[in-house]
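Open the model in your viewer and keep the selection panel at hand.

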Amino acid sequence: MAEQRIALVTGGNRGIGLEVCRQLAELGIKVIMGSRDAARGVAAAKELVAEGLPVETHQLDVASAKSISECMNWVRLDVGRLDILVNNAGIMIEEGDADPMEEIEIIRETMQTNVYGPFLLSRLAIPIMKSRRYGRIVNLSSGMGSLAEMGAGYIAYRLSKAGINVVTRVIAAETEGMGILVNSVDPGWVQTAMGGRGATRTVKKGAETVVWLATAPDNGPTGAFFRDRKAIAW
């Protein structure tokens, strides 16, 4: 019998992250639900466990290097393996016009959560994955980070999503031949707290391509950007 895969999903207590946790667990994968707010993580995980799904929660603030280090040390020493990392947690905090001094602080805060955190998590996950010659890293990006689709406004969010795409490309190149596949996903405009009421996609649809890449076969893609299971331009 094959060993049970282990997945860590950041920002897993709500929205797309919660649905990714659900879909992965339904496939028999043991899911660690990373949640910045420990109590909310416990509540969300409890609902999935009540459905008979293999989910547990662990406090993880992707804006904190200390929290990331502590979580990954726990994974390495206590869990003993990590097969899938879904860098889902992210923020979009721009509202209206900001003066240049405010804007640069918004950019810094956004990059910390949306790029630096996922980068550090990936760096710490790779040695664990490499030891088993198996790993899947899926980074939540956006069409707003695509240079081919770039437009005006929301510069902090756009910079961060372009940045996570750079992380995807670099780490995919560095792990080539190690059994580790690294990809970015544009989930589309999803009905979440961030997406708002006008969003056109359900969380189930938003999570679909993420889960597809998180469970890709050994000959699956790496270093690419996907929307609806199709590669799109950077």
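Select strand β4, residues 84–87; strands (E, at least two residues) and helices (H or I, at least four) are DSSP runs, numbered from the N terminus. Ile84 and Val86 point one way, Leu85 and Asn87 the other, and all are buried, that is, under 20% relative accessible area with a 1.4 Å probe, protein chains only. In a regular strand the side chains alternate between the two faces of the sheet.

This is a predicted model, in which local features need pLDDT of at least 70 and side-chain atom pairs pLDDT 80 or more, while totals for chains, interfaces and linings use all residues. Residues are numbered from 1 along each chain as its sequence is written, and side-chain values use heavy atoms, leaving out hydrogens and water.

Ala7 has Ile84 as its bridge partner in β4.

Next, show strand β5 (residues 135–140), parallel to β4 over four bridges. Here Ile137 stands opposite Leu85.

Move to helix α1, residues 15–26. Its twelve residues reach 17 Å from first C-alpha to last, close to the expected 16 Å, which is 1.5 Å times one less than the number of residues. Colour its buried residues, among them Ile16, Val20 and Leu24. The buried residues of α1 pack against β1, β2 (30–35), α2 (38–50), β3 (55–59), β4 and α6 (203–214), with contact meaning heavy atoms within 4.5 Å.

Terms used:
Buried means under 20% relative accessible area, exposed over 50%, partly exposed in between (1.4 Å probe, protein chains only). Two strands pair if DSSP finds at least two bridges between them.
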